[in-house]
Structure formats: C-alpha cells, structure tokens
Amino acid sequence: MSQQGYVATPPYSQPQPGMGALSPPLRGHYGDPSHSAPPAGIMKPAGPLGPTAPVGALPPGPPNSGAHQFGQNGPNISGYPQQRFPGPPPVNNANSAAPPYPPPSHLPPASYPSPGSASAAAQLGHQLGAMQIHDYGPGMASGSPGILAPPLAASFQGPPQLAQPSILQPGPQMLAPLPSTHNGLGATPSLPPAGRQDGLPGSGPPAASFPSLPLPGQPPGPGYPPQQGANYGPPQMPGAQLTSPAGFPGGPAQMAGPMQPPKKLDPDSIPSPIQVIENDRSTRSGQVYTTNIRGQVPPLVTTDCVIQDQGNASPRYIRCTTYCFPSTSDMAKQSQLPLAAIIKPFATVPPHEVPLYLVNHGESGPVRCNRCKAYMCPFMQFIEGGRKYQCGFCSCVNDVPPFYFQHLDHIGRRLDHYERPELSLGSYEYVATLDYCRNNKPPHPPAYIFMIDVSYSNVKNGLVKLICEELKTVLESLPKEEQEETSAIRVGFVTYNKVLHFFNVKSNLAQPQMMVVTDVAEVFVPLLDGFLVNYQESKAVIHNLLDQIPEIFADSNENETVFAPVVQAGMEALKAADCPGKLYIFHSSLPTAEAPGKLKNRDDRKLINTDKEKTLFQPQTNIYEALTKDCVANGCCVNLFLFPNQYVDVASMGLVTLQTGGTLHKYNNFQHLDSQTFLNDLRNDVQKITGFDAIMRVRTSTGFRATDFFGAIYMNNTTDVEMAGVDCDKAVTVEFKHDDKLNEDSGALIQCAVLYTTISGQRRLRIHNISLNCSSQLADLYKSCETDALINFFAKSAFTAVLTQPLKTVRDILVHQTAHMLACYRKNCASPSAVSQLILPDAMKVFPVYMNSLLKNCVLLSRPEISVDERASQRQLVMSMDVADTQIFFYPQLIPIHTMDVKSETLPAAIRCSEERLSEGGVFLLANGLQMFLWLGVSAPPELIQGIFNVPSFTHINTDVTSLPEVGSPYSQKLRLTMSNIQQKKPYSMKLTIVKQREQPEVVFRQFLVEDKGLYGGASYVDFLCCVHKEICRLLS
Amino acid sequence: MATYLEFIQQNEEQDGVRFSWNVWPSSRLEATRMVVPLACLLTPLKERPDLPPVQYEPVLCTRPTCKAVLNPLCQVDYRAKLWACNFCFQRNQFPPAYAGISEVNQPAELMPQFSTIEYIVQRGPQTPLIFLYVVDTCLEEEDLQALKESLQMSLSLLPPDALVGLITFGRMVQVHELSCEGISKSYVFRGTKDLTAKQIQDMLGLTKPAMSAQQARPVQPQVQPFISSRFLQPVHKIDMNLTDLLGELQRDPWPVTQGKRPLRSTGVALSIAVGLLEGTFPNTGARIMLFTGGPPTQGPGMVVGDELKVPIRSWHDIEKDNARFMKKATKHYEMLANRTATNGHCIDIYACALDQTGLLEMKCCANLTGGYMVMGDSFNTSLFKQTFQRVFSRDFNGDFRMAFGATLDVKTSRELKILGAIGPCISLNVKGPCVSENEYGISGTSQWKICSLDPTSTLAIYFEVVNQHNAPIPQGGRGAIQFVTQYQHSSTQRRIRVTTVARNWADAQNQLQHIEAAFDQEAAAVLMARLGVFRAESEEGPDVLRWLDRQLIRLCQKFGQYNKEDPNSFRLSDSFSLYPQFMFHLRRSPFLQVFNNSPDESSYYRHHFARQDLTQSLIMIQPILYSYSFHGPPEPVLLDSSSILADRILLMDTFFQIVIYLGETIAQWRKAGYQDMPEYENFKHLLQAPLDDAQDILQTRFPMPRYINTEHGGSQARFLLSKVNPSQTHNNLYAWGQESGAPILTDDVSLQVFMDHLKKLVVSSAS
C-alpha cells in the first residue's frame, strides 16, 4: 500500500502550452473536490478515514472497495491542499518553515500509531508555483506527499484507482500533523492502528492502490483555484520536466530563492528526509518493537525504541534492504532492487534490552543440521513427537540428539520452547567446543599491542608523549567480562621508526628492557616472555616505560619510518603467543625507509578522471595483501591511527586495517588542539567489546544464497567471512541472489553465525536469525524496502566497485539503477499516470536524496581538490559502517540551536541540509558521524553567543577551538549535552569545527549541505531528481 | 757429548727455537734422505724476563725483497758505516742515528746475546684491547649462574680502559648496548638468518654517515680518535651497568618442548660478533669470547637439528657421510674464521656441556685466529672457572699474557726455502724468493698472521734445503733464518721481536755423524706429529698412520745400525733412541686415534696439540708418569702397565688430565684410615705428595687439566689404563708369570711388539 506517488516536477520556467491543455481537465476535476474544499477536505479526511479504518479492519475486503475510495480520495485531496496552505504561508524561508514544522511533528506522535512502514503512498505533486509545495514541505514529508496526491487522485478519479485507499491512509496522517486541522486530528487517532496494520499484512490493497500521482494535474492546490489560476504552473511543470532538458540548468536558480514561482521546483515540495525521520520517530519511537512477525519492517535507525527479540534478530543486528524478497530471480532482476542484509553481529544493545543468552550444551556442542550445518534456531520444525526436526534452511530431517530430546505440545512446539533461547529467540550465543577452536586447543585471551611511531616529527610535536601519557589511563579500562575482576587481555609495547623496538616489561624487572630489531626485511619477534604482560601485574614497569619512551627518543632525528614490518611484527608476536589480538598503530608518515612495503609518494592527481583512477584506491604493492592474509590467519586485528601532514597512502596502509576488521582513524595535520578527538577515539577503541579471530557464515533457506560481502572483512573463499577482529561498530553488508524460486509460504530465512573468541579467551558462536517474507508481487517488495539499508548497500557496493571500475561507470550504474528501480515501481506498482509524473514508493521516498549524496561523496567524485588519502580513508570508513552510520554520513544531522528550548528535554527537530535552511540569525549544529560543525550566522543573537562561548559578540569568537568552553549557562549546558548525546551513539569521535558565516572555513561546512549543489560538483537534490526522473521517463518510454 | 743437548736447551731458552736438525745437510738430496725434514718449533713470544725491549725501530735491509733486520750475524764495516745483509748480501748504509757506531760501541742488535731482540715501535694510534663476550643463554639455570659469575669476575681482571661488549644468544641473538640509562637496550637478530657484514653494520647503525657529506669538504683531518661504538665501551665506565646486565641475564625465554633441543643460534651470534668488530675496530687486538653450552641447532652453522631423537654426529656418521650439517656448518665457521683473522681479531671458544657442542665444526674459529679452545662439562666446574680466570693471567711485568695481531715474517739464507708452517696462524700469502713450491702445512708464503698468541704459542715451521748437491757450501758456512714477529703487546704497544738463528752446514756424505748427533729427537717427534695431525684433519686416519710408520722405518733404516735381516742386531744411537717410542705413543694418542673420542674431543685435542710448545707437546704425545712410594723419592717411571703396582701412588700427566692413582695396597691403607693416625704420618705425607705436585701442574697449565683422583679398581682408573703401554694384557699376563703390574684389557699392541715389528721391517731388505 505504501506507494507514494510522488510527483517531482522540476520547475521549469518555460511555460508549456501543451501542458496547459492538460491541466484544465485536471482542474476540472479538482474543481469538484475543491468545492468541498477546505471544509470538505477536512471533513472528508475524517470521513475517509473513518471508513477506511473499518475497511482496513475488515480483512480482505477493504482493498476492493474501490468506490469508496474514490470518494474518499476526492475529499482527501481537497483536504490536503487546504492543510498545506494553512501551514506554509511563509514558504520561502527555511527559518520560517521551521517553526511550522515542529507542530506537526508534535501532533503526529499522538495520532500515528503505526503509519510508518506501511504508510500509504504519498503522492507529491509539484507545481511550479510551488507556493503550495512549500506549505506542504514544511508540513511533513510523508504527509505532504499525500496531500499532493489527493489532487492528483482527484484528477484521476476517472481512471480509477484502487490506489486510493492507500492514499487515504497517508492522508489522514498528513492531516493529523497539519497544524490546526481539528478534523484531521480527530480522525487520525482512530485510523492509524487498525488501518495501518491491515494495510501491511494485507498487501492486496496497497498494491492495487499504488496510486502514484501524476505530475500533471496535481498540486495546484486542489481546491485553490486562485493559485492555480495564478500559476498555471502545474501544466507547465510537467511539460518542462519531460520535454526540456533545459530544465536542469534551471536547477541552480531554484536554489537561489524559492520565491520565483515559475522557475523553480520548490525544495519543500520534494520528499524530505527530515520529515520521514520525524514521522517514523513520532509513530514508533519509545515503543516496544517485537520481532515475532516474519518480514515486518522495523522502525528507522533514527528512531529510538525498545526491541524485544521474539524469534527474529533485532534490527540492531540485522537490517535488510527489503523485508520481502521477490519469489523469483526474474522479479529480482526486473526490479533491480538489491537484496541485502546489513549485519552488525556485535551491535551494542542498550542497557534496558536483554543481552544475548548464552547456551551451553557442554561437550556435545551446538545442535546443527547434518546437511547444511545450520545451527538450532526457531526455524527448525520438530516432528515425530520431537524425535526429529526438519531444518528450515535445507529441509533435511535430522534426528534430535538424545540429550536434546523434548516432547512436543499440542501445537507441535517443544515443551521447553521458552526455556531455550535457541528455540525462541532470534539471537543467542553458544559456547563453542574444542572442535571450533584453532588446532582444537582452547584459545588464549587476546592481547593488545601498542605500536608507536617515534620518528622525529612525532616526538617533536608531542604526539609520542601524549600517547604514552594517555596509555597509562587507557590501560586501566581494558575490556573485561562482567564477572571478572581484571581484564584477561595482555598488553605489549613496540616503538619504531626505521627499526623496531620491542619492550620487555615483565613484572619482575627493575626496569624495562628494550630490544631493537633492525632486520626489517624479515621482521620477527625478539622475545616472548615479558612482551605480552598483564597490565595490572606489570603496571610499575609499564609506567616506567611509558615515562621513558618520550625521553629515549627525544634526541632521535630519524625521519624515515617503516610500516609493513610493524604490522608483521605485531602479527608475529600474537602468533608466537598463540593468541588473537589487536594492534594499535600510531603512525604519521609515508613509510619510505628501505623495507618491505616501502611506499612512494603517488598522490597522483593526473590519474583523476582516467581509467587508472581506480589504482589510487589500491595498494601500491601486493605485500600489503599478503600481510593481510597472514594477519587474518592469525587473528590479528590492526587498528591504525594516522597523523599525516601530507600524503601517506591510506589506500596501501589502510588495507590491512580494513580487511582485519580494524578501524582507521585519521587526524590530518595533528595538533594538540585535536588531541581530545584522538584520545576519545583511542579510549573508545580500547574499551570496545570485540570478538577476535572470527569467522562468519551466512546460511539461507533454499532458493537464494549470499553472494557478496562488503565490510571490514577478509574473504578467503566465497562463503567464510573472516574477521581478525570484529567490534560493536562493524557491520557487514551481505548481498543475496536467487538460486531458485522462493516459496512464499516458508519465506526467506537467514542465519548468520559468527564463531569468535571473546575478550576473556572463550570460544563462542553468536547466532542471528531473521525471517523475511517472499512475494510474487513487486509491490510487496517496494513496500518493505528500507531506504537507509539500501543506501548502505549501494555505498558499500559502489565503494567496492571503485577498486575495479572507472568512477564514471560506477556513478552511472548508481544513477541508472536508481532510475531503474523507480521506473520498475512506476511501471508495475504505481497507478497509471502521466509519464511526466515522478512517482516514488513510499519506503523509498527519500532514496534519491541519499543517493545523490552518495554520488557527491568525495570517493565517487573525481576531483583533484580532494586528497586521495581523504577519499581512500572515507571509502574505508564507509565499508564497515552500519545503517545508522551511513544514514547520518550521507545525510548529516543539522540542528538549529537557536531554537533550542533550554528547559525542555527534547532537541529541536533537525532541518534539511540545505543552505537556504540556514539563517543569519541562527546557530546550527551539523554532525555527520565523523565531524561536527557549529555554524554561526552573522547576526546570531548575542545572548546565545554569550551563553555558548562566553564572549560578548560574534567577532570575539575564537574559531580555533575544537571544543566548547564550559560556560555554565543553560545554553552551553544544553548544547554540550546535545553534542555529547549525538556523539555517544557514533563510533568515531567527531571533531568540532566552529564555522562563522561568510568566513573561509564555511566552504568545508557547505560540503555537508547535501541537498545543495556540491562545491566540487555534484547535483543539487532537485537537479538530481530531475535527472532521475528523466531517466525514468526514458526507461518507461 | 752433552754439548748438543746443552746447545739445544740454550738455544731454546734464548730464542724459543728448536730445530729437528741442528747441523744441516748441505744438499737437497741429502736433506730429503734425512727423512725428518729440516724444521723448527718457534715460540715467538717466549717469555724472556732478561730481555728488555729496545725503544727504537729496527734497521732493515734496503733490498725491497729482503728487508731483513740487522742482526748479530751481519758483517759490519764500522769505518764505512756499512753492513751486509746476511740473507741477500746487500750492503746497506747505517741510518744517521748509527753514526757513532764502532767495534766498541755497538747497538744491541749486533751483540751475539741479542740473537733475539724486541723493539718497541710507535706506529699509529694505540687502541685499547677489546673483549667481546658472546654468551649462550640456552643453559641450565645453574650453569648460567656460574657463567654469569665468571663473567662478572672477569670484568675486574680486565684493564680498565679495555673495551667490552656483550652479545647473548639463544633462539635470537642480542647485541647489548651498554651505556643506556634507565632502560637496557639491545639489538636483536633472528637466529636463522645469515647476514653479511654490511647488513650487520647497517642494522647496528655502525655505518658511517653518508660519504657525500665528507666529500664536500675535501680536506678533512682524519680525526677519528676511535670510532666510538655503543656496543663496545670502556670497562671502567660501564662495569656497574654490565654487572647488572649480566645479573639480569635470563635463560633463553623461548619454550623448549619435550624432546627438543633448545634453539641455539651460535652461527649467527658469531657472525654478528665478527661483523661488529669488523665494522668498528679492524686490525686492532680484540678477542671474541664465545661461551656455549650446546650445539648450534639453527641457522647458518647449525650442527644438529633440534630433535633430540637425532643425536649429534659421531665419527661413525662422519665416516659414513651421515653428518648432514657438518660440511655446511664447517664452511660457515671457516668463512667467519678467515674474516676474523683478516681483521686481526681472535675467537675463543669456551664450550661446556656433557654432550658435544660442535667444536668439530667451529674449531677453525679458534685454530685460525689463535683463539683458545676450552672444553668442559659445565660452566659450574673449577675446570672452567680457573681456566677462564687464567686467560687473564699476567706475566712478570704485570702485563697480560696475550698479544694480538701478530705477523710472523720468516727470512732464510739462499740455501733454504720455506715449506710451510703449522700452528694457530693463517697465511698472508706473501710469495718471495725464499718460498718453496712444495707444501707442508700452511704454505706458499713467507708470512703468517697470528691473531692472538701467548708466550707458549708455538708454530712448527718447515724448511727445504735447496742447495744442489754439486754446489758445495764452503766449510764452516752457516745457514741463517730470521723470524720477525710484529705484534700488538697487551699494553697496546706495537712491538717487533726479531730472532736470528744460524746453524752449520754439513755434508751428509762424510759428516753424517755430526748431523746425527745434532738430531733433536724431541723436536723431531713433535714436528712429525704436527705434520701427522695436520694430515689427519683432512685424510683418513689409517693413511696417516701408515705414513708415520713409513717415515719411522725409513728413519731407522737411515740412522740405525743393523745387519740385514737380523732384527736383533738393530741399534739406534742415543740421539734417536727415544724417537720410536714417541711414535708408538703418538700412534695411540687421541690426536690420531678417533676411537673412543667424539669428533669434538678430537678437535679439541688437536687444537691444543697444534699450538703448545715442545715440552707440553711431548707430554701430550707421551704422558708422564711419576711414582710415589715408600721405596724412595718420587721418580718418573715407564708409561707401562708394569708400573702399576699395589704399593705405589702414580701421578700421570697427559696434559689434558692429571690422574692420581692409588695402588691397591695404598688404597686399602687409606680406606683403613692410617693417614689419620699420628704414627703413620709418613703415609699421610706419601698421600699428600702427589696431590701437591698435581697442584703445581694445575696452577700453571692452560687450559686447566681435568683432575682425576682415583685408585685401584676405580672407574676413573681407565684414564691411566688407556694411556700406559699395555705390556701386560689379559692375553699375556699369565705368560709373564709372577711379574707384577696391572693387566690391561686391550688388544692394542704393546711397545715391545711394536718395536719388534719395527726392527723386523727395518732390517728387512724388502722394504
């Protein structure tokens, strides 16, 4: 049902006669509805809702009731427009827009119980006039489309559509938010719950309904004759879009100012991620999401809710691009919708959710299917009185091991169903037996080795001292199992420049011993005993050492460094100690010393925009690949902290980090000011709960299988995902392909098993299971999509593709696939409409804006202005991101601070990432997961500035700081709290930059306003929509 | 005429030279017929308390190919201030400093009593002595502790300005930096990887900064007092540090699993030691002292794998060509030894273990560089401790008894050529007119390098008479040989010792008796033995024995008096009488017999045999046996089983062992405790006497011998029984009737049988 017909009509300046012709009829149609106009609209929404609700409630029936729908639609349509109008009068200003915004959001929560996932199609109509659009924009994303839709629907009435029900639903929602509509409010409450759910399961109606709304007729405010009249826009619009490419050029113009009616597509009229987020948040946040239903679409990553595992893995562990798989590969091909899951096996669960249960079957180990080796899980069907069970994945019938036997109850469920996590939960852990251990020996607890570059520059700029000082405290908080007194993790220390220095810090030594290994060509570990030690036992010696390191090298004038031998040494040390572990390498320069893995400066901008550009993302020598392989084989996870002042070839050096499940941190031109960011990252990283020496295997039910894996992983064959280390922030994206036809009844099952070693040296299996629906209806697919997951998938697959294909190809594929997916939807799921209308599935409403942001990411953007290192490091970071990370990364969070209510707990709602949403009198906080900016308008209120910075005026603000002073004012406290809240959920410590409006650094900041035209190229959101639309039209024609 | 004996003795005392022949046959042909070659044992640094060195440079012959040193044998024209070289007959002007020379005002080198003279010369910068300890850490805790103590003790014995360094090894090799405060620092090397000297120096950071900088400034005063090296520091500066460092030295921490040998990287450790010195102090006196407690088990120079079930090679394996690693290892150590020798450094090996440690492969390190080789059972024995201490003993002047980097240059008169030398030296490959084309020992040169020598180091040098038979030497003519030894004294002075000797020529055809009388059978025995042992290193044992036998037979044929085919008529003159006996014992000695000895032991014995002076060498060939009894004062007795009597205490000195053996009765008396009864005090004295004498030997001998105190029937008595001539065996004991003595359970021939056989062969016309 969730088809949004969303009409993007680029604002084209050229009036088009032909279109004009079209429009009249529409109006005519509208006219009717419009009569009912405001009042009617209001009424109707209520009316339709009312009816719909019941309809929805009635099981199968509802969808069919076309007639009613029509009726309803009409009204809705009219209603919407009204609403819009009221809200937005002041369309133009982002600022002005903002205020109206909140109210709706407040409203919705009450009213929208469940609209979210299934939400009806939202239809957007764009008008040139845009006035309306604006209104709607501010109103709410999802709602607004609905609003637009109505008019369309109205226009279409003739055609008829089933779609309408869906429209209706959105409608109500829309209404609700809308500012003042009493009716809407009233109506909504009743509707939502019932209607929605029905809608979801009963896919019928929606599918049928997809009433995408045609561009043509639409928006002109349904009912608002005057406007329409005035604008005549609508007709023109469509024409413009379709016909004249010239429209594009116009894009920029739009940006400039919303006001010029004829020329622009009003940004507010196009789907707003903020709106989508807010909607989902308002309907689902704070609720308990239970995973007992197959194929249900979870709340968005941006929505906080409590998740209760009732047989499927929590979305914190697994999210899918769609929760309903096409039943045949033909369908999959047709839609080109990627089938993928983003698995974050070690995701942190909030304290109020239940941690994973640990199942221990003693020596017999986990129960597994004999054929496919899947682990016992809720998908196993017990038969023959409990003596046998049928594997849900391969259908093999297995004997139940005697120790595991249990009788079945009257519904064929084992009596101990609820006592055994592996029977009733989606996620749980097994204690692994020796068979699952390397060499059949229980593993040793892991070790952390700290490897510090002590070359001249690092010593001089104080970095070495900083690290050594910090380690003294960081080591106090090594992760440990809850029940343990001290951490089982052992630590070791290495410093290096052109040669390596190992340290013996055995507890019984009076002073540390330094062992220099100069044979970097074939590096080795010079000592075993005393290198890896228990921190608590050797504390005195270690502190002595950390005190001395900066002094020992104080006079060093060695500038050259090695790198590969360092990693190798760490790996050899772990190998010698026969334990897995992590390396923390603090490095700052290109390793130019004569040694394996020596790199040369190749920051070669000449290659940009050529077929060879891809080599810039590949390591210079294959030594790093071999090294990676060794590291993975020995469970050595490499964390790299880079402090480059110039090119360091992240592509080469980062490879090991990426493929061993490590984390790359890069601090350009490191200065002491930045130290806090670095120290936070270091602290976080050391304290992270991590699984070591892990192998992940993704098993699926018959008919499809996992084909591609993206992430901080290493693949030695096609099935085993090896991760030397995997921490709570690492997510693996798995793509699935069909082998065969899927059974709609049994659905698609996925089991992800991770075999790993815990921080205390226990070998365990972590199992995540999830079941998805299957459908032969394309509409079901689109309805169950998750845009954030899709973007995660596209980002990772594109960033993988840059290694092998020219960037242009990669970008083209992305654009093409976007268009294709939408075109397929349009063609197969949306109600017939004018080609010129852009219709988006509800669940993918904001897909284009994210996709555009992805396309504008510096990795895919071949621009010499951006350093190759930066691109390589971003590529690497994204590869291991989960859905939440990519979401904020590609669509940063922009919060108007000046509207903050210091007394309230809640944050001001975020606004869209576009320059026009900024205001001179405002202060905005932007965060993308890696960086944070505080943007200050030139005429920001002095009291705010005083409150935040404790300086009298804008000009007094020092932009060099990287943290906010503790002023003690409520503003300061609230802002700092806000920032730390944002930070808390993110894996990387975000560096804060203070940006003053109209000062140079603003350039950097603007890159993050992803709806705007990119500084270094890349289309604006509106332009991109047009472009996609054009492509769709081409595909459809 | 005891005169020859006196002459020989006097010459030895004055010059440290013993010739096999003291009157030389004047033609090539005759000389070859003498069987025993014309050769000498030279002890270049023989202690001469009565010889004060002179503080000026020697005067050299100006002929470039000669450069002989002015000596008492030169003819001097005092008026013309000219001297004639007695080797090349070049007439040379005295240098200006000798202007005041006259018959009554002679410089020391012209006085006859200064046939050996020592000059102190000032050349180049004086560098302190260098001691580089290379220590195995794969030892038992107790052993390591003892070794650490010995090493710490040795620091106090070193001259304060001496440079010391420390390398430890096990699975890895660690080069310790000695001057670090607060943290002890070492450079670590993989024990399995062979590195070139350049690599080692690069890795240790010893390479000098790029030359380019220096080239920029063309004239740079060579102010390099001495390259300071972090790894070699003056003892007085770092002895505290080093003592602590040694104190903290741990056993090799790498785990050794059951059934494995520890991984020991001796080969790489030595290689690094050599490379370190090569890079920092070439051509200055330095000792690398290797302390090892087991065989090298990995890397270049490995002698045996780490699997305990595979035993280390035995002679049997070697004969069967079953010693997998031997050739490669030997090559590795030879390469190191040659490099070390080229740099003028030496390598000592102190190997203490119950099993073999690979001395066979490593022997060249000590042999070619003049280093010491010490073998013991454990570092925790007085044998090792005292031997090691004795390395640092001092002479009457308080100087160390060690000298470094010596070059021995031998010059001969025209009638002679040099065949070669055998001893702890390497050839410097200086070809000259006096170098023969025939080869004996280390040959083809007139100069040798002896990297380390002490006052007893002795070389055997072999000569060839090249004078043709038809070119008679005028009556009274003398052949002369000059030995010029330049070396670094332990006081770091450069010194030159010059020994010039001359002997009369005699025509063997009509003056054979002179020649015969001037035969030095002791020297000859040792010289022949050295030849034999030298050959044994590369040839099959039986071949060497046959060669020795043939030489003996020929010598007896030449100088014996007998009637053909009548063995009983055979007689040898006094000057030859002992020679066959020496040969008999030599044949039985561990130098030529490998039976019952491990390859390591053989190498060890041969090493010492090739460097000890004549007296010690003779003891090695034919051990000395003293008897203590109530029948009279202690007396030397025959090294014969018949000497083993119940009422005697025997003291045997084989050089390597000192055995005190109590006869059966004596042992019973002692057991009964008579020595504790005041009335039997004489018995107590009797028991004490050999102990005291043994102590005397133990005090002076280097290396310290194994001290064995045993009695009749004791298991250790085998040391005695295996050495004595088995005149009574289980085969013939009863035949000999009531004659007392101890039967030896052996099938070896006795001296009597040997002699009978010899006589038979000598008189036989067939041979």
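Colleague: Among contacts in chain A between residues at least 6 apart in sequence, what share joins residues at least 24 apart?

Modeller: The share is 77%. A contact here means heavy atoms within 4.5 Å. This is a predicted model, where local features need pLDDT of at least 70, side-chain atom pairs count only at pLDDT 80 or more, and totals for chains, interfaces and linings use all residues. Residues are numbered from 1 along each chain as its sequence is written, chains are lettered from A and ligands numbered from 1 in the order in which they are written, and side-chain values use heavy atoms, with hydrogens and water left out.

Colleague: How many helices and strands does chain A have?

Modeller: Chain A has 34 helices and 29 strands.

Colleague: What percentage of chain A counts as buried?

Modeller: Of its 1037 residues, 64% do. Buried means under 20% relative accessible area, exposed over 50%, partly exposed in between (1.4 Å probe, protein chains only). Chain A exposes about 34000 Å², with 53% of that supplied by carbon and sulfur atoms.

Colleague: Why is A:Leu471 called buried?

Modeller: Its relative accessibility is 0%, so A:Leu471 falls under the 20% limit. A:Leu471 sits in helix α19 (residues 463–474) of chain A.

Colleague: Which residues does A:Leu471 touch, not counting those up to four places away in sequence?

Modeller: A:Phe450, A:Ile452, A:Phe493, A:Leu546 and A:Leu682. A:Arg683 is 212 residues away from A:Leu471 in sequence, yet their C-alpha atoms are 8.8 Å apart.

Colleague: Now the interface. How many residues of chain B are in contact with chain A?

Modeller: 18 residues of chain B meet 25 residues of chain A. The two chains bury about 1900 Å² between them, 56% of it on carbon and sulfur atoms. That is the accessible area (1.4 Å probe) lost on putting two parts together, summed over both.

Colleague: What makes B:Arg190 and A:Glu522 a salt bridge?

Modeller: The N to O distance between their side chains is 4.0 Å. The rule asks for a Lys or Arg side-chain nitrogen within 4 Å of a carboxyl oxygen of Asp or Glu, so the pair B:Arg190 and A:Glu522 passes.

Colleague: How many residue pairs are in polar contact between chain B and chain A, and which strands of chain B each supply at least two residues?

Modeller: On the side of chain B that touches chain A, β10 (172–177) and β11 (184–190) each supply at least two residues. The largest share, 7 residues, comes from β11(B). That side of chain B divides into 9 nonpolar, 4 polar and 5 charged residues.

Colleague: What makes B:Lys67 partly exposed?

Modeller: Its relative accessible area is 47%, so B:Lys67 falls between the 20% and 50% limits. B:Lys67 is in the loop between β3 and β4 (75–77) of chain B. Phi of B:Lys67 is positive too, near 55°.

Colleague: Which peptide bond is cis?

Modeller: The bond joining B:Phe702 and B:Pro703 is cis, with omega about -5°. B:Pro703 belongs to the loop between α20 (681–700) and β30 (706–711) of chain B.

Technical notes:
Helix = DSSP H or I, 4+ residues; strand = E, 2+ residues; numbered from the N terminus. Areas by Shrake-Rupley, 256 points an atom, 1.4 Å probe, with all protein chains shown as cover. Nonpolar A, V, L, I, M, F, W, Y, C, P; charged D, E, K, R; others polar.
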